[in-house]
Amino acid sequence: MIRLGAGAGFADDRIDPAVDLVERGALDFLVLECLAERTIALRQIERLHDADAGFDPWLRERMTALLAPCLARGVRIVTNAGAANPLSAARLVAAVAREAGVPVRVAAVMGDDVTGLLPDRSAVVSANAYLGGGAIVDALDRGAHVVVTGRVADASLFAAPARHAYHWGADDWPALAGALTAGHLLECAGQLTGGYFADPGFVDVPGLAELGFPYADIDETGGVVVGKLPGTGGVIDARTCTQQLLYEVHDPSAYITPDATLDLTEVSFAPLDADRVRVDGCAAVAPPTTLKVTVATWAGYVGEGEISFAGPGCLARADLAVDIVEKRLRGSGLPIDELRCERIGVDAVFRGRSAVRTEPAEVRVRVSARTPDRWVAERVGREVTGLWTNGPAGGGGARRTVSEQLALRSEAIDRNIVAPWIEWVEA
Amino acid sequence: MTSLRELAHARAGDKGGTADLTVIARDAAAFARLRVQLTATVVAAHFADLPLTAVDRYELPQLLALKFVLHDALGPGVTTTLSLDPHGKALSSCLLALELLDPAPGPAT
């Protein structure tokens with residue numbers, strides 16, 4: 001049996017639960033998942049400004065907290081925190097090890113960047129293929145203490161250590177089914193153990209401030225038990241496991257990863273005790289001959305402005321504010337591709353039909369617009385802050401921002417023309 | 001009327017412009033009811049303001065779960081969105097606001 005810990009489920013994730021897993025969890029491997037869909041493109045922009053940048057901004061902090069405890073216990077780390085620059089990230093890991101006075105062998109998995117293989121490269125910021133776990137298995141076989149990758153399918157980050165430990169063939173579908181399903185369950189860390197779940201009075205979850213991150217025990221046949229450490233906050237049971245099993249899955253009979261296509265339709269969960277759940281019924285078949293590629297392209301700038309109104313009539317004053325800004329921006333002749341006005345507290349993130357709409361105690365107007373021109377984006381926010389002295393009564397807390405906008409599209413690429421390789425860094 | 005929130009819990013996810021919603025019934029009786037009442041058409045109508053192009057529904061009876069895939073809900077084609085919640089994380093709670101008609105009482109015995 002091997003034990004894998006989920007030490008991060010996204011770029012900004014908490015670090016202390018990962019430290020707890022390493023110190024008390026008897027782990028063999030710690031996996032840090034730090035890349036959302038847009039993250040690589042954002043890091044690629046940083047790399048364009050600085051050739052040594054372009055990886056996870058919290059990597060130094062994570063490694064400072066985790067590397068020495070992991071090395072002292074023989075826990076090996078797999079992370080996609082390399083983002084758009086796995087080699088520089090690997091060098092940083094080595095630097096942290098040197099500062100701590102511990103020797104380390106770091107593997108950087110390269111080759112997910114397929115920008116050069118795109119037929120149409122206009123406005124492209126980044127194009128990364130979702131690699132399988134093969135290069136990670138290779139790196140672990142060759143003695144890596146830490147494996148740093150760019151884009152690798154999340155579930156594959158977790159399945160690779162099991163493939164390494166048990167020497168499964170790349171076509172051992174029954175074994176891979178369990179390991180990849182375990183990876184899918186663990187990839188968002190706290191979302192398996194009670195995060196993104198509580199709805200007080202309907203779904204109560206204790207101890208979210210001390211939420212424990214999950215681990216998976218995987219045996220040599222691909223049998224899986226998931227759990228969290230005793231004494232940690234949160235909850236792990238059939239409800240949380242079912243929510244995470246189906247999270248971001250479309251057809252549950254064909255959840256595609258680069259290493260296998262999972263059939264989740266017969267999966268079931270059997271609680272073993274308060275902190276552990278057995279996962280049954282995992283199945284898989286061969287994956288497609290193509291890999292998914294996420295292509296990020298420049299889409300101009302977004303200008304935003306916000307201002308709040310409170311008390312009686314706040315909704316009418318918010319509507320008036322929106323009306324004023326819309327008139328001025330639409331009448332300006334400025335190049336605006338899309339304009340959106342929301343009333344936070346009423347209809348900003350709420351979508352769908354609601355039976356009753358009563359006036360809230362306060363409402364915040366948010367105006368945002370996409371434009372090819374940075375100056376126009378600045379102007380959008382200024383039209384909102386301009387309401388301070390030119391708009392309805394009692395407008396407060398105005399602020400504005402400008403950001404770069406990226407558009408995403410998905411493509412498929414023949415897996416045979418994507419050839420990952422490993423760069424080694426030692427300290 | 002009964003709100004979906006009393007019968008189920010839910011989670012939202014996203015891939016590109018597609019949102020997905022998992023609805024998990026609190027017990028077998030609630031699942032039997034949702035299987036009949038919570039159709040793809042009902043969900044599409046609830047989110048009529050989203051730029052949906054299609055809603056797929058999948059049933060996972062052993063997990064008491066229904067899976068809804070809302071194509072293009074977060075932005076059609078190449079994904080750009082000005083929404084405050086670009087990932088549609090709040091859509092699960094928005095769906096739980098749905099009110100379902102209570103089944104007609106059976107004939108008096």
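**The sheet and its surroundings**

A: In this predicted model, 38 Å separates the C-alpha centres of domain 1 and domain 2 of chain A. The domain assignment places domain 1 of chain A at residues 2-288 and domain 2 at 297-407.

The contact between the chains draws on 38 residues of chain A and 33 residues of chain B. On the chain B side, the elements that contribute two or more residues are strand 2 (8-15), strand 3 (18-25), strand 4 (54-60), strand 5 (65-71) and helix 4 (91-96). Strand 2 of chain B supplies the largest share of that side, with five residues. Sorted by class, the side of chain B that touches chain A holds 16 nonpolar, nine charged and eight polar residues.

Four strands of chain B make up an open sheet with antiparallel pairing, in the order 2-3-5-4. Strand 2 and strand 4 of chain B are at the edges and have a single partner strand each, so one side of each lacks a neighbour in the sheet. On average, and with direction ignored, neighbouring strands are turned by 15 degrees against each other. Strand 4 and strand 5 of chain B run antiparallel and are joined by seven bridges. B:Glu59 has B:Leu66, in strand 5 of chain B, as its bridge partner.

A helix from each chain packs on this sheet. From chain A comes helix 8 (residues 238-245), which touches strand 2, strand 3 and strand 5 of chain B. The direction of helix 8 of chain A makes about 155 degrees with that of strand 3 of chain B. From chain B comes helix 2 (residues 28-37), which touches strand 2, strand 3, strand 4 and strand 5 of chain B. For helix 2 of chain B, the angle to the direction of strand 3 of chain B is about 140 degrees.

In its helix 2 (residues 39-49), the residues A:Thr39, A:Ile40, A:Ala41, A:Arg43 and A:Gln44 are buried. Their cover includes strand 5 (124-129), strand 14 (290-310) and strand 17 (396-414) of chain A.

Two loop residues of chain A have a positive phi without being glycine. A:His167, with phi of about 55 degrees, is in the loop between helix 6 (154-166) and helix 7 (173-186) of chain A. A:His167 counts as exposed because it has 10 C-beta neighbours inside 10 Å. A:Ala189, with phi of about 50 degrees, is in the loop between helix 7 and strand 7 (214-218) of chain A. A:Ala189 counts as buried because it has 26 C-beta neighbours inside 10 Å.

Terms used: Residues numbered from 1 in each chain as written. Chains lettered and ligands numbered in written order. Predicted model: local features only at pLDDT ≥ 70, side-chain atom pairs only at ≥ 80, totals over all residues. Contact = placed C-beta atoms within 7 Å. Nonpolar A, V, L, I, M, F, W, Y, C, P; charged D, E, K, R; others polar. Buried ≥ 20, exposed ≤ 12 C-beta atoms within 10 Å, placed from the backbone. Domains from an automatic or database assignment. Pairing = 2+ DSSP bridges. Axes fitted to C-alpha atoms, helices over the stretch in contact; angles between N-to-C directions.
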